[in-house]
Amino acid sequence: MADTLERDRARLLEVLTQRSFERRRVVLSSGKESDFYIDCKRTALLAEGHYLIGRLLLEAIRRDAPSAVAAGGLTLGADPLASAVSLTSFLEGGGQKSLHAFIVRKEPKGHGTGQWIEGLSALGPGAPVAIVEDVVTTGASTLKAIERAKLEGLTVLGAFALVDRLEGGREAVEAAGHRLTTLFTRKDFIP
Ligand SMILES: O=P(O)(O)OC[C@H]1O[C@H](OP(=O)(O)OP(=O)(O)O)[C@H](O)[C@@H]1O
Ligand SMILES: O=C(O)c1cc(=O)[nH]c(=O)[nH]1
């Protein structure tokens, strides 16, 4: 099992490097400029990437937040991650141990239900959840998901991201009292 997870981790890094990592000038979500970008969606929306992300994020959640009953995060980056974790948990045994997925909107839905979180109705009040994220830069998006989940009555056990760009996001999330687990850091892409 440990061997296959290690192999999956190496393969996910290979796919992210080939498909998602680019050296180019970009403006980031925070408004900061950077000379590289990691578009994790390109990997997460590939069949193989979706599979690998599901396996590896679920394993991290089971290890660091074993009582989580759901995984979700801020749309859009987190959407395929939450889906992958949820599907994988069902395929790996289903039943009581599977994790539901949820999606935190950036703005509340402007009509209909007006809700902030899709998938909330499947979760009871105070339900323990894991926040998932693709890239952590300043940590603002992760914190937005955490704060909204808490405001909607969920209990946040921790955040789980694919890549930590090592630009202060971990410190911000931890300063707010939350644990952050990441599969990779910028050093895996720029040694
Ligand atoms: O740690 P931060 O400084 O918040 O930056 C990281 C966030 O930025 C990106 O999302 P983006 O805002 O580009 O939105 P998208 O997922 O809808 O593309 C990425 O998916 C993270 O959520
Ligand atoms: O900070 C961001 O906006 C950001 C950085 C990055 O490498 N990838 C991404 O999707 N967003």
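Colleague: How far in Å does a backbone N or O atom of S29 lie from an oxygen atom of ligand 2?
Modeller: This is a predicted model, where local features need pLDDT of at least 70, side-chain atom pairs count only at pLDDT 80 or more, and totals for chains, interfaces and linings use all residues. Residues are numbered from 1 along each chain as written, chains are lettered from A and ligands numbered from 1 in written order, and side-chain values use heavy atoms without hydrogens or water. From the backbone of S29 to an oxygen atom of ligand 2, the distance is 2.8 Å.

Colleague: Which polar side-chain atom lies 2.8 Å from an oxygen atom of ligand 2?
Modeller: Ligand 2 is surrounded by L28, S29, Y37, I38, V135, T137 and R165; near means a heavy atom within 4 Å. A polar side-chain atom of Y37 lies 3.2 Å from a ligand 2 oxygen. The 2.8 Å distance belongs to a polar side-chain atom of R165.

Colleague: How much of the accessible area of ligand 2 does the protein cover?
Modeller: Accessible areas come from the Shrake-Rupley method with a 1.4 Å probe; for residues, only the protein chains shown count as cover. On its own, ligand 2 has 290 Å², and the protein covers 90%.

Colleague: Which residues does the UniProt "binding site" annotation cover?
Modeller: The annotation comes from an unreviewed entry. Its positions use the numbering here, feature names are shortened, and annotations may be inferred rather than shown by experiment.

Colleague: What is the largest C-alpha distance between them?
Modeller: They are spread over 29 residues of sequence. In space they cluster, with a largest C-alpha distance of 5.4 Å.

Colleague: Which of these residues does the lining of the largest pocket include?
Modeller: On a 1 Å grid over the protein atoms alone, a pocket is an open set of points with protein on both sides within 12 Å along at least five of seven lines, and lining residues have an atom within 4 Å of a point. That lining includes T137 and R165.

Colleague: Is R165 buried or exposed?
Modeller: R165 is in the loop between strand 9 (155–164) and helix 6 (169–175); helices (H or I, at least four residues) and strands (E, at least two) are DSSP runs, numbered from the N terminus. Buried means under 20% relative accessible area, exposed over 50%, and partly exposed in between (1.4 Å probe, protein chains only). R165 has 2% relative accessibility, so it counts as buried.

Colleague: Which side chain forms a polar contact of 3.5 Å with that of D164?
Modeller: D164 sits in strand 9 and is buried at 2%. A polar contact is a pair of N or O atoms within 3.5 Å; within protein, one must be able to donate a hydrogen and the other to accept it, and residues adjacent in sequence count only if both atoms are side-chain atoms. The partner of D164 is R170.

Colleague: What is the distance from the side chain of K106 to an oxygen atom of ligand 1?
Modeller: 14 residues surround ligand 1, and K106 and D134 are among the closest. For an N or O atom in the side chain of D134, the distance to a ligand 1 oxygen is 2.7 Å. For K106 it is 2.6 Å.

Colleague: Which peptide bond is cis, with omega near 20°?
Modeller: Most peptide bonds are trans. The cis bond runs from T75 to L76.

How values were computed:
1 Å grid on protein atoms, 1.4 Å probe; cavity = no way out; pocket = protein on both sides within 12 Å on 5 of 7 lines; lining within 4 Å.
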